[in-house]
Amino acid sequence: MNQLRVNGVTRRFGGLTALHDVSFTVEPGAIFGIIGPNGAGKTTLFNIVSGLDVPSEGEVAYGETVLTGRPPYAVAEQGLARTFQNVSVFPSMTVRENVMIGRHRHCRAGLLASCLRLPRQRREEAAQRADADRILDELAMAHLADTPVSALAFGQRRMVELARALAAEPSLLLLDEPASGLTTRETDDLAAQIRRIRERGIAVLLVEHNMSLVMDVCETILVLDFGKRIAHGAPADIRNDARVIEVYLGGERPDAAH
Ligand SMILES: Nc1ncnc2c1ncn2[C@@H]1O[C@H](COP(=O)(O)OP(=O)(O)OP(=O)(O)O)[C@@H](O)[C@H]1O
Ligand SMILES: [Mg+2]
C-alpha cells in the first residue's frame with residue numbers, strides 16, 4: 001500500500017500559473033477530495049498525477065516511485081487509474097468490452113499469441129471476460145454487459161468509465177467530477193460505490209463540484225483557488241473555513257489574470 005505525495009507542484013501555461021506550489025499527501029486507502037471553483041487547477045493536477053502532463057516544478061511520488069516524467073501507461077502500472085471529466089468510453093463497443101479494455105495491463109499474452117489466437121490467449125480472454133463481468137456485477141450493471149454503450153443513458157456511461165478504471169485493479173483511483181450530469185439518485189449510488197471501493201482498500205482521489213458528495217464521503221479535503229492551496233483539512237473544518245466560504249459564497253473575486 002502506497003502513499004501519494006505531491007510535492008511543490010507548479011504548472012505554468014505561458015503566462016498563466018494553473019498550479020502554484022501545491023503539496024499534499026494521500027494515505028493508502030483514504031478518500032481525499034479536491035475542490036475549488038472552475039479553473040482552480042483540479043484537472044491540471046489530475047493530469048500531472050496520472051502522467052498526461054508534467055509539472056513546471058515539483059514532483060509526484062507514489063510509495064518509493066517517482067511518477068513525474070513517466071508516461072501514463074507507466075503510471076498505470078504503479079496502480080493508479082483515472083476517469084475523465086468528459087466521459088471517455090467507446091460508444092460502439094459493448095459495456096463488457098469497454099471494461100475489458102481496462103484490464104489490458106493484466107494481459108500477459110503477446111501480440112503474436114493474440115494474432116494467432118493461441119490457446120493461452122483464448123484462456124486469458126475468457127479470464128478477462130469473467131473479471132469484467134465480476135466488476136459489472138459489483139456495480140449492479142451485469143444486466144448491461146452486452147449493451148452497446150451508445151444505447152446507455154449519460155449516468156450509466158459514467159459508471160462504465162468507473163468500471164473500466166476499476167478493472168485495472170488500481171490501489172489509487174482518481175475520479176474527475178464523477179457526479180457531474182448525474183441525477184440525485186445516481187449521485188447517491190455513486191457515493192455508496194465510492195465507499196465500497198474504499199472498503200476494498202483502494203484509495204480515492206475525488207475532484208467534485210457537488211459539495212454534499214464531497215463532504216459526505218471524503219475524510220480530507222484540499223481546496224484550490226487560482227492554482228493555490230487555500231485550505232486543507234477535515235470536512236467540518238473546510239465547511240467553516242473563512243477563505244473557503246469567501247471563495248464559494250462570492251465577495252469580490254480577484255481578476256482571473258495571475
Ligand atoms: N493545456 C492548457 N493550456 C493552457 N491553459 C490551460 C491548459 N490546461 C488548463 N489550462 C488553464 O489552467 C487553468 C486550470 O484549468 P483546470 O482545467 O485544471 O481547472 P479545473 O479546476 O479543472 O476547472 P473545472 O472545475 O472547470 O474543471 C485554467 O485557467 C485553464 O484555462
Ligand atoms: Mg476540471
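A crossing of two helices is right-handed if the near helix is turned clockwise from the far one by less than a right angle, and left-handed if anticlockwise. Keep that in mind for the first stop.

The model is predicted: local features need pLDDT of at least 70, side-chain atom pairs count only at pLDDT 80 or more, and totals for chains, interfaces and linings use all residues. Residues are numbered from 1 along each chain as its sequence is written, and chains are lettered from A and ligands numbered from 1 in the order in which they are written.

**Stop 1: α3 and α6**

Select residues 95–102, helix α3, and residues 154–167, helix α6. Helices here are DSSP runs (H or I, at least four residues), strands likewise (E, at least two), numbered from the N terminus. The axes of α3 and α6 come within 6 Å and cross at roughly 35°; axes are lines fitted to C-alpha atoms, for helices over the stretch in contact, and angles run from 0 to 180 degrees between N-to-C directions. The crossing is right-handed.

Now show V95, N98, V99, I101 and G102 of α3 with V160, A163, R164, A165 and A167 of α6, which make the contact (C-beta atoms, placed from the backbone, within 7 Å). By class, this contact has seven nonpolar, two polar and one charged residues. Ala, Val, Leu, Ile, Met, Phe, Trp, Tyr, Cys and Pro count as nonpolar, Asp, Glu, Lys and Arg as charged, and the others, Gly among them, as polar.

**Stop 2: E169 and E177**

Go on to E169, in the loop between α6 and β7. E169 has a positive phi of about 50° although it is not a glycine. Then select E177, in the loop between β7 and α7, where phi is again positive, about 50°, and the residue is not a glycine.

E169 has 16, so E169 is partly exposed.

**Stop 3: α7**

Select residues 184–199, helix α7. T187, L190, I194 and I197 are buried. They lie on the same side of α7 because they cover an arc of only 75° around the axis, taken from the directions from the helix axis to the C-beta atoms. The buried residues pack against β3, β7, β8 and α8. Turn to the other side of α7 for R185, A192, R196 and E199, which are exposed.

Conventions:
Two residues are in contact if their C-beta atoms, placed from the backbone, lie within 7 Å. The expected span of a helix is 1.5 Å times one less than its number of residues. A residue is buried if 20 or more other C-beta atoms lie within 10 Å of its own, exposed if 12 or fewer, and partly exposed in between; C-beta atoms are placed from the backbone.
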